[in-house]
Every structure is written in C-alpha cells, then in structure tokens.
Amino acid sequence: MIRKLILLASMVALAAGLPSAAAPAADSYPTKPIRMIVPFPPGGPIDTMARLVAHDLSTRLGQQVVVDNRPGAGSTLGTKAAAGADPDGYTLLFGSSGSLAVAPALYASLDVDPLKAFAPVAKVSLLPHVLVVSNTLPVTSVRELVAYAKAHPGKLNYGAGLGTPPHLLTTLLKSQADLDVVYVPYKGSAASITDLLAGQTQFTIDGLVGLYPLIKDGKVRALAIARGERWPALPDVPTLVESGFPDFTIDAWTGVVVPAGTPPEIIATLNRTINDGLRTAETKANLVRFSAIADAGTPADFAAFLAKEVPRWAAIVKLAGAKAE
C-alpha cells in the first residue's frame with residue numbers, strides 16, 4: 001500500500017509539471033498550422049493586409065498560417081467564430097476598427113464584447129480618412145465648405161452605406177460644424193462614389209486607400225486629412241485639426257487578437273513575431289500601397305488603444321443613429 005501511495009504521489013507530481021493538452025507548452029509553440037480568421041471577403045484591403053501578416057508569420061514561425069475568410073453580417077460572423085474558438089494560440093482574428101469597434105455597436109445581435117472576448121496581440125496598421133468634395137462644388141478648403149453649407153441649408157448631400165465610416169465620420173463633421181446637410185443611404189461604396197463623382201452627392205469622409213487614386217487623378221478634391229499629422233503622399237492637404245476641428249483625429253486601424261484566455265507566453269511570441277515583420281522595409285512598403293502605416297507595439301499598448309477606440313466608435317455610431325439587424 002505504501003509503495004502504491006508513493007507511486008501515485010510521483011505520478012501526480014509529474015503530471016503537475018507537464019502542460020495540459022488544452023494548453024500546449026509555449027516554448028514548443030507552434031506545433032501545427034495556425035488559422036487566421038478574416039471577417040471580410042477575399043481581395044479587399046483588409047484581407048490583403050491580413051495575408052501579408054499571415055505570410056510573414058508563416059515564414060518566421062515555421063508553421064503555415066492559413067487565412068480563413070468568414071465574411072457576412074457586417075463582419076460579425078467571423079468575429080463570433082474567432083471569439084468562440086479554443087484559446088490555444090491556433091486561432092487568430094485579423095481585426096479592424098470596422099469589425100472590433102463599429103460592428104459591436106452597430107449590430108445588437110453580435111453579442112460579443114471585443115474588450116472581454118479577445119486578448120490583444122499586436123496592432124498592425126493605421127489607415128487615414130480624408131475629407132473630399134465633388135469637383136462640382138465651388139470650395140477649396142474646409143472653412144469654405146462649412147460656409148457654403150451654412151449659406152445653402154439642406155442643399156448638400158453626403159452618401160454612404162449605413163454604419164460605414166463615410167456615414168459615421170461625415171455625420172460627426174456635420175454635428176461638430178452644426179451643418180444642415182442630408183445623408184443619402186447607399187447599399188455599397190461603389191454606388192456612392194459614382195454619385196460623388198457625378199455631383200449627385202457633394203462630399204464625404206472616407207478611407208484614403210480608396211480615394212487616393214481619385215484625388216491624384218483630379219476626379220475629387222481633397223480638403224483635409226482626418227488625423228493629427230499631414231499624410232506624406234499628400235503634403236499640401238491640411239489636417240482637420242489645422243482646419244478648426246482639434247478633436248477630429250480618427251484613423252481606421254487593423255490588428256491581431258486571439259480568444260481571451262490564450263496563454264500570455266503564446267501572445268508574447270505572436271507579438272514579437274508580428275512586430276519583427278512590421279519593422280522590415282518590405283512590409284512597410286507593402287502597407288504604403290494601401291495608404292497605411294505600420295504601427296508596432298506591445299500587447300499592452302494595443303489593449304490601451306482598444307480601450308479608447310471601442311467606446312469612441314460606439315459613441316459615433318450612437319450619434320449617427322445607426323442600427324443594423
């Protein structure tokens with residue numbers, strides 16, 4: 001009996017020193033392919049940036065990182081799938097301001113609190129927004145736009161999909177400048193931009209990634225960048241801060257998160273590896289193609305950033321009165 005007790009005690013001690021099957025040892029991570037969920041269709045800017053990060057992770061970690069596109073319901077399907085995954089480091093979510101900040105406020109059915117459901121790993125990029133006007137509008141500055149709108153109440157239109165950045169940010173400008181302008185809802189950005197080019201709508205605030213080619217070709221007129229610093233590719237375009245809106249510094253962003261409960265050692269490994277990639281000239285150049293800048297930092301940095309950004313975007317959604325089913 002004594003020998004059996006000694007053997008049992010030895011087995012318990014040994015088991016206590018071994019990692020469980022549910023939480024693989026961080027020093028051996030990763031031992032199998034990793035899945036990166038992207039809650040958008042293939043081919044767009046967010047998806048392409050996710051694939052750049054996945055490829056770099058695969059190379060540096062020595063394990064394949066497979067991009068799993070889960071579009072639908074305004075990015076909520078993919079976000080839910082990631083939130084419900086095992087917290088073992090083998091499911092990542094390539095999140096964004098749209099999926100992690102706007103969608104939770106816009107879709108009541110999501111029922112996922114990104115600040116509780118996920119552990120931040122690393123911020124990847126910042127993407128600026130820009131205020132543009134149709135060439136049919138006789139204004140060349142933000143002050144002139146505000147003056148024109150006040151002189152023609154109810155005559156200017158801005159168009160966008162419900163709850164999209166153009167809707168939310170242009171509504172925020174409308175509120176801050178106390179403008180009487182009209183929101184025109186569209187099903188997609190392509191139709192709204194077509195009408196902007198034709199002068200059916202007169203202005204919008206949208207991502208520079210989509211508007212930059214139109215600005216460079218002179219098809220729309222850029223009045224201001226919605227951030228604290230001017231954008232290097234458009235050095236002559238002032239910021240909204242310079243134009244009289246000191247709080248209007250709102251970038252879109254991307255970053256990697258994992259299900260809450262993922263071991264911190266695995267998060268540290270992923271953070272270090274992602275940041276190593278973001279610091280390379282190749283990755284920085286690739287992001288510039290999307291009018292984006294790399295923004296490396298610690299998991300704590302990203303956590304503090306999300307703690308500010310999630311309620312900030314939620315407040316803008318509330319201001320716009322946007323709700324989706």
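Predicted model: local features only at pLDDT ≥ 70, side-chain atom pairs only at ≥ 80, totals over all residues.
**Salt bridges.** I searched the whole structure and got 10 salt bridges. I then looked at three of them in turn.

I took arginine 35 and aspartate 68 to begin with; their closest N and O atoms are 3.4 Å apart. This pair joins distant parts of the chain, with arginine 35 in strand S1 (residues 34-38) and aspartate 68 in strand S2 (residues 65-69), 33 residues apart. I noted arginine 35 as partly exposed at 26% relative accessible area, and aspartate 68 as buried at 18%. I also found Arg35, Asp68 and Arg70 linked in a network of salt bridges.

Next I checked aspartate 56 and arginine 60, whose closest N and O atoms are 2.7 Å apart. Both sit in helix H2 (residues 45-61), four residues apart, which is about one turn of the helix. Aspartate 56 is buried at 18%, while arginine 60 is partly exposed at 39%.

I then looked up arginine 227 and glutamate 229, which meet at 3.2 Å, N to O. Arginine 227 is buried at 7%; glutamate 229 is partly exposed at 49%.

**Helix H7.** I traced H7 over residues 165-177 and got 18 Å from first C-alpha to last, close to the 18 Å expected. Its buried residues include Pro166, His167, Leu168 and Ala177. After H7 comes aspartate 178, with a positive phi near 55°.

**Valine 257.** I located valine 257 in strand S10 (residues 252-259). I count valine 257 as buried because its relative accessibility is 1%. Leaving out residues up to four places away in sequence, I listed its contacts, among them Leu92, Phe118, Pro120, Phe302 and Leu306.

Conventions: Residues numbered from 1 in each chain as written. Heavy atoms only, no water. Helix = DSSP H or I, 4+ residues; strand = E, 2+ residues; numbered from the N terminus. Expected span 1.5 Å × (residues − 1). Buried < 20%, exposed > 50% of the residue type's maximum accessible area, 1.4 Å probe, protein only. Contact = heavy atoms within 4.5 Å. Salt bridge = Lys/Arg side-chain N within 4 Å of Asp/Glu carboxyl O.
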